Amino acid sequence: MNPTSSGHVGIGVVDREVLLSLEPAQRLGTISDYLCDRYAAITDRERPSDPDEQLFLESLHATEFQLTVESELGVSVSLADLVEAPSPRALAEAIDLRLTSPDEALVEGADGPALVPDPGGLHEPFGLTDVQHAYWLGRSGLFELGDVSTHLYLELESEDFEPERGNTVLRRLVARHDMLRAIVRPDGRQQILDTVPEASIAYQDLSQLSDEEAEAEITAVRDTLSHEVRPADQWPLFELRAQRLPGGTTRLHLSLDMLIADAASVRILLTEWAALYADPDTVLPPIGLSFRDYCTATTGLENTTARNYWTQRLHTLPPAPELPTLPIPPGTPTRFTRRTHTLPADQWARLKNQAHQRGLTPSALLCAAYAETLATWAKEPHFTLNVTIGDRLPLHPDTEHLIGDFTNLILLETDHRTEGSYTERAGMLQRQLWRDLEHRAFGGVRLIRELAREHGPARAAMPVVFTSVLGYEMPGSPGRPVRGLGHAVGALSQTPQVHLDCQVVEQDEALVVSWDAVEKLFPAGVLDDAFSAYTALLGALAETPDTWDLTHPVSAPAAHLRVVEAVNSVVAPVPEGLLHEPVFAQAARTPHATAVITPTRTLTYAELTDHALHIAQGLRAHGVRPGELVAISMHKGWEQIAAVLGILHADAVYLPIDPELPHERITYLLTHTDTRTVLTQPDTTTSIDWPTTITPLTVHDNAPWYHTPTPHTPTRTPNDLAYVIFTSGSTGQPKGVMIDHRGALNTIHDINNRTQLTPHDTILGISSLSFDLSVWDIFGTLTAGATLVLPNPGTQRDPHHWNHLITHHHITTWNSVPALFELLTEHRNQNNTPTNTTLKTALLSGDWIPLTLPQRAKNTFPHLQLHSLGGATEASIWSIHHPITTTPEEWTSIPYGKPLTNQTMHILDHHQNPRPPYTTGHIHIGGTGVALGYWKDPQKPATPSPPTPTPNNASTKQATSDATGPTEPSNSSAAKTTKSKSTATA
């Protein structure tokens with residue numbers, strides 16, 4: 001090295017020992033100059049003139065820059081250095097510190113593995129890279145979506161294509177690039193063939209056809225080549241066709257199997273094609289190695305640090321984003337479609353500037369925006385993206401001129417579970433990406449194999465991909481056409497087992513974003529909505545700086561939110577009064593009508609309410625105060641109904657306790673609720689060892705504690721507590737759900753109106769009193785003046801007994817969980833029971849409704865109308881309803897429904913943002929009906945946040961319930977949701 005006029009050592013091959021011999025200031029300046037030179041050479045950008053100028057390196061450039069510096073200076077440079085010290089001076093200081101540190105050892109093997117060109121072995125078979133092997137296996141048909149190859153289809157339009165010249169150029173490229181003469185043998189090794197037939201471009205003259213006829217011919221070729229799977233063991237693994245069109249232009253179609261090339265290879269091919277086409281006599285510099293030489297040198301390399309880095313994360317790395325998908329029938333061809341959006345050069349420049357101000361590279365920015373969008377549609381906000389990178393190690397000066405597949409994969413963890421701005425999440429993603437790139441020596445394919453061994457193939461699948469080729473201008477744009485080939489007018493890529501691939505590339509200084517996806521795998525509209533959201537986010541980040549500070553910059557589609565608002569706007573006057581008052585009013589109108597039938601007794605409305613009035617007066621006489629909880633512990637019978645009505649008429653609150661519960665649980669419930677009084681039947685009075693603090697009162701004819709009713713003015717209001725029902729609780733500790741009169745009565749009136757319940761109806765009440773379906777059995781029936789039929793105690797799963805009651809009492813209405821109704825249906829079908837024409841309504845809720853149940857039920861109950869209902873105990877029996885009229889074959893579940901009157905139903909994510917159509921979220925119930933809270937629990941099930949559409953000043957209380965499955969599209973007339981088996985709660 002010779003000093004330059006500036007006093008610095010001339011930049012060439014920098015010698016570590018010479019650097020160490022320089023004075024500190026001279027050494028620092030020399031390293032800084034060296035870094036500026038290397039930056040310009042690697043990025044093909046202008047050399048920085050200011051040593052304090054920021055160097056923003058895309059991952060492709062950063063890894064090459066890192067390897068080059070380590071190789072030439074023999075000092076370790078981390079990718080973190082390139083982020084944290086992005087100027088030549090700052091990076092030079094970091095390098096100088098390590099260069100002169102006594103603790104910093106010379107980087108062993110900084111030159112990488114030895115690469116010795118082997119021209120004599122050029123045509124010998126050699127192994128596939130990890131990624132090539134994955135591509136080759138993936139197309140074999142052994143795996144899902146395995147009927148496609150890793151393939152690029154490029155469609156171009158040229159003004160100057162000449163077939164003869166084009167053939168000459170193609171043949172020179174085939175002769176120059178070994179991998180254009182390569183195949184993959186059936187034994188899984190690749191081979192560069194010694195001789196191949198002369199390559200040629202299939203040419204078709206369409207110039208004499210009409211425009212419509214020419215377009216049909218273009219479409220035919222496109223359909224053939226866009227999803228072409230060429231036999232991997234037969235040359236060539238590419239094809240180029242040309243069609244002369246009316247008007248004189250030429251449409252060219254390139255089909256390229258990406259087993260033999262990567263994105264950088266395509267850039268090399270297009271660049272060299274342009275040079276050769278412009279001047280066929282051009283002599284391109286020779287390439288001093290082959291792809292076989294490169295693979296031989298890098299095969300079997302093991303990096304213990306990288307392996308440990310990844311294998312230590314096997315149990316924490318999340319799965320791929322679980323996006324809304326549909327089952328694809330076996331045998332359906334896999335077809336990808338492309339969505340493309342271009343950010344104009346000026347807008348792209350503004351977006352990059354905004355990213356630079358926040359310390360983000362353009363690729364990290366775009367990947368973070370992609371992750372942000374996916375998080376809006378994914379089932380879980382913590383997932384892994386499959387990031388493809390070009391990983392050409394600079395082992396030889398000519399590596400950058402090789403055609404071949406140098407692809408590596410990074411499994412990038414992204415986490416949207418916590419609050420924070422988009423800028424913060426993008427920064428976290430970039431830091432994670434650079435850490436991962438630092439350990440790319442243990443490639444993504446190897447990691448996927450380890451994940452499959454540890455968790456199974458399904459868990460290891462990584463079908464959502466991000467591909468950035470920023471940093472290299474791709475030829476073939478309208479502003480940079482390729483001589484002879486022209487400019488691209490269409491493109492499509494595909495990869496086996498990939499569902500969605502986001503690709504970003506710069507053309508004419510603009511950003512081109514493409515999503516290639518298996519169209520039929522996604523519900524209609526999902527890809528359009530998500531892609532629109534992604535491109536809108538990029539535009540907002542470029543034009544509205546405040547977007548960077550938003551916590552949730554991507555929201556559900558506006559059209560869907562309008563539908564959600566509409567279906568949550570069904571309001572009507574809330575019924576006035578207390579829950580039990582309509583029953584007493586009905587008794588006044590029809591005192592002699594039958595109210596309750598049991599196997600041993602029938603009560604008229606007058607008899608039932610008379611018992612209730614005596615119970616109420618007796619409770620007041622025993623000191624029961626307004627709002628006090630009074631337990632009911634009885635087996636199925638008329639006494640339960642009288643007790644419920646009597647407690648409410650006494651201005652108290654009823655608390656059902658199943659007498660079959662363990663003694664410890666009964667004691668806990670009584671103690672926890674400060675209950676002093678329990679109403680019983682004769683058998684439960686004596687069979688249960690009641691705590692000494694409890695007064696059991698037996699309900700029966702002429703009970704001695706009954707008191708003659710006297711006129712009573714209610715002291716309770718509709719907003720006061722009516723009943724408390726204990727649920728099992730997600731932790732096993734029971735929770736007492738507190739429901740007011742107003743909410744329960746609102747549900748009762750709504751369901752009665754929907755089912756058109758009349759005094760002529762008869763309802764079979766099979767639900768336990770401690771299950772909230774019994775609330776409608778009692779009050780829905782008796783409010784309408786109908787008859788409630790109660791089965792024998794202990795017949796909770798006895799379809800023979802139910803069927804007898806249905807037939808004997810001409811039951812018109814059934815209300816239960818789906819499993820019990822299915823048990824009845826199967827009993828009737830298996831016993832060839834004659835069809836029943838009286839049962840006209842079945843209310844099913846609390847669990848999945850089997851898709852086949854509606855038709856099976858219709859076979860035995862031909863006049864039946866099935867209703868799907870749902871909600872939560874915390875929301876007054878039900879909150880959502882769907883009449884089941886049909887079950888199309890493509891359905892995977894029965895729809896959940898639309899909110900009931902004066903109630904709201906929202907599907908929200910972990911941050912309580914509305915979910916898009918078809919996605920999974922958490923049910924948030926609002927409006928009239930939401931519980932007052934949990935007994936003795938300051939943590940209410942309802943919170944006023946987030947605000948949700950509540951028209952006409954309806955209540956904004958909310959309750960959370962189980963996770964729900966995919967919501968239907970926003971243009972659905974029902975705006976439905978289907979229930980999920982997930983038990984997660986918000």
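How many helices and strands are there in the chain? The chain holds 28 helices and 34 strands, where helices (H or I, at least four residues) and strands (E, at least two) are DSSP runs numbered from the N terminus. The structure is a predicted model, in which local features need pLDDT of at least 70 and side-chain atom pairs count only at pLDDT 80 or more, while totals for chains, interfaces and linings use all residues. Residues are numbered from 1 along each chain as its sequence is written, and side-chain values use heavy atoms, with hydrogens and water left out.

The overall dimensions come first. Along its principal axes, the C-alpha trace spans about 115 × 75 × 50 Å. Of the 986 residues in the chain, 57% are buried; buried means under 20% relative accessible area, exposed over 50%, and partly exposed in between (1.4 Å probe, protein chains only). Contact means heavy atoms within 4.5 Å, and among contacts between residues at least 6 apart in sequence, 74% join residues at least 24 apart. The chain exposes about 39900 Å², of which carbon and sulfur atoms supply 52%. These areas come from the Shrake-Rupley method with a 1.4 Å probe; for residues, only the protein chains shown count as cover.

Charge may be considered next. Lys and Arg count as positive and Asp and Glu as negative, with His and the chain ends not counted; the place of a charge is NZ of Lys, CZ of Arg, CG of Asp or CD of Glu. The mean positions of the 69 positive and 114 negative charges are 5 Å apart.

Two surface patches can then be located. Patches are made of residues with over 30% relative accessible area and no salt bridge, like charges being joined within 9 Å and nonpolar side chains (Val, Leu, Ile, Met, Phe, Trp, Tyr) within 5 Å. A salt bridge is a side-chain nitrogen of Lys or Arg within 4 Å of a carboxyl oxygen of Asp or Glu. Asp211, Glu212, Glu213, Glu215 and Glu217 form a negative patch. Glu215 belongs to helix α8 (residues 211-225) and counts as partly exposed because its relative accessibility is 37%. Leu137, Leu142 and Phe143 make a nonpolar patch of about 300 Å². Phe143 sits in the loop between α6 (130-138) and β2 (151-158) and, at a relative accessible area of 44%, is partly exposed.

Ile328 occupies the loop between α11 (304-311) and β8 (336-343). Its C-alpha lies 9.9 Å from that of Glu144, although 184 residues separate Ile328 and Glu144 in sequence. Not counting residues up to four places away in sequence, Ile328 touches Leu145, Val518, Lys520 and Leu521. With a relative accessible area of 27%, Ile328 is partly exposed.

His611, in helix α20 (residues 605-621), counts as buried because its relative accessibility is 8%. Beyond its neighbours within four places in sequence, the contacts of His611 include Arg601, Trp638, His700 and Tyr706.

Some backbone features remain. The peptide bond from Trp235 to Pro236 is cis, with omega near 0°, and Pro236 is placed in the loop between α8 and β6 (238-244). Gln497, which is not a glycine, has a positive phi of about 65°; Gln497 lies in the loop between β12 (487-494) and β13 (500-507). Tyr918, also not a glycine, has a positive phi of about 75° and lies in the loop between β30 (903-908) and β31 (921-927). Tyr918 counts as buried, since its relative accessibility is 16%.
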